[in-house]
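Dear colleague,

I am passing on the structure we spoke about, and below it you will find my notes on what turned up in it. Please read them with the model open beside you.

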Amino acid sequence: MNEPIPTLVPPVRNDFASIQAHLNKNVVPSYGRFPLALSHGLGSYVWDVTGKRYLDLGGGIAVTSLGHSNAEITEALIEQSRKLIHISNLYYTDLQGQLGERITDLIAPGKVFFCNSGAEANEGLYKAARKFGHEQGRFEIITAENSFHGRTLGGISATGQDKVKKGFEPMVPGFKHVPYNDLEAIRAAISPATVAILIEGIQGETGVTPATPAYLLGLRKLCDEKNLLLLIDGVQCGHFRTGRFQSFQRILEGVEGAESFLPDGISMAKSLGGGFPIGALWLRNPYGDLLSAGTHGTTFGGNPLGCAVALRIFEVIQRDQLAQHARDLGAWIKNQLAALVTKYPTVLKTVRGFGLMIGLELQPNIATFTQDDKPAAVQFINRLHEKGVLTIPSGNHIVRLLPALNLQKSEAEEGLEKIEALVATLV
Ligand code: PLP
């Protein structure tokens, strides 16, 4: 077997402008990109094509759960690719059963469907919900305002933000949006056609806003009362980021009456594959059988390579106790950031989140940022890039930290020092 440890690629080019021009000429311009071209990474660091090093506190938007160029992921890829990369879902592979078991063991008895992305995992949930209500003519799914569920046509229809829908109307029918963390709003929106409620455990794209325990418990009660499916999008907030496998498990820790709380379906992706594209949805028994033979599928779903990587990631997270690490280090980072909020109240408004899903909210009127019409979060992040740190914007005023689950404390310290150095210039 070849040595799986990756060797660092030395920077060979210093030509951001030509890379940018080449991409812009040949690639659909659907992304707003920062002016950085990255070439390689190791652990929580990435390097750009000029050889500059960045501490990656964004984790590819909550994806690189074990950091960059992780040797054990590489090893899993190499080992599996020597055996079998792909077979059709016309056949059985043991890896799918193993990965499905791993996921159900962490939630509750049920069944898993494998796909390739978060949007696709949510699509599976919409279809399961429609199947569930089909005989009674029920099809409507209630989601939350400011939610994000992906960029497919179903995904933007489910998402409670107008900006993702603009220009793509008409939307897929059957989605209604109501304010998040507002039980009465959901109760009032339920109609005879309603079949399910879908929420994120923690809203990620619009400011790192967790569901409250009372909301989760209230939704469960409401769904039981009205025979609706309770679906949770765990694409961004799942996979141990909060210190538990799913964010609702963390939010409900120690809450009276929450011991038996379970949603009926959960979507996953991002950190599940650590950068290898794999998504999944879990459905509680007996709903796991809603998507019967011939009703749903995808060519690459559950391919042996993706399953092998996801299984290895589960092993490493368990062996290295990364859930506890995410909880402890995340709490420490949040405390440090809270101290910065106190020290720099004219720049920083608040900090929130669980574990390694943290949102740092900027004050709305930072003088330096009023000279440019780019959102404050983007301007802040651009300046952090100059200091060698990557983070992710969330809405206009929130800077998100979604680092690898194995981020070291010394790395977190380095990131915080650089964040403080920037904040101090904005007072
Ligand atoms: N759901 C949530 C909560 C997300 O944050 C995202 C992506 O950011 C998605 C769904 C869509 O996932 P993907 O981009 O893998 O389709």
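Before the sheet is described, one definition is needed: two strands are taken to pair if DSSP finds at least two bridges between them. Please also keep in mind throughout that this is a predicted model.

With that definition, four strands make up an open sheet in the order β1-β2-β3-β15, and the pairing within this sheet is mixed. The edges are held by β1 (38-42) and β15 (389-390), each of which has a single partner strand, so that one side of each is left without a neighbour in the sheet. Helix α14 (residues 409-425) packs on the sheet, where it touches β2, β3 and β15, and the direction of this helix makes about 105° with that of β3.

Looking at the individual pairs, β1 and β2 run antiparallel and are joined by four bridges, with Leu-38 standing opposite Asp-48 in β2. These two strands, β1 and β2, form a hairpin with two residues between them, and in the turn Gly-43 has a positive phi of about 60°. Strand β2 (residues 45-48) also pairs with strand β3 (residues 53-56), again in the antiparallel sense, over three bridges; here Trp-47 has Arg-53 in β3 as its bridge partner.

For Phe-380, leaving aside neighbours within four places in sequence, the contacts are Leu-362, Phe-369, Val-399, Ile-419, Leu-422, Val-423 and Leu-426.

His-239, in the loop between β10 (229-233) and α10 (247-251), has a phi near 60°, a positive value in a residue other than glycine. Is His-239 buried or exposed? The relative accessibility of His-239 is 4%, and because the cut-off for buried is under 20%, His-239 counts as buried. Not counting residues up to four places away in sequence, His-239 touches Phe-245, Gln-246, Ser-271, Leu-272, Ile-313, Phe-314, Ile-317 and Leu-405.

Asn-227 likewise has a positive phi, of about 55°, although it is not a glycine, and lies in the loop between α9 (213-226) and β10. With a relative accessible area of 41%, Asn-227 is partly exposed, whereas His-239 is buried.

Lastly, there are cis peptide bonds to check. One of them joins Glu-169 and Pro-170, with omega about 0°, and Pro-170 lies in the loop between α7 (162-165) and β6 (175-178). Another runs from Asn-285 to Pro-286, with omega near 5°, and the place of Pro-286 is in the loop between β12 (279-284) and α11.

Terms used:
Residues are numbered from 1 along each chain as its sequence is written. This is a predicted model: local features need pLDDT of at least 70, side-chain atom pairs count only at pLDDT 80 or more; totals for chains, interfaces and linings use all residues. Side-chain values use heavy atoms; hydrogens and water are left out. Contact means heavy atoms within 4.5 Å. Axes are lines fitted to C-alpha atoms, for helices over the stretch in contact, and angles run from 0 to 180 degrees between N-to-C directions. Buried means under 20% relative accessible area, exposed over 50%, partly exposed in between (1.4 Å probe, protein chains only).
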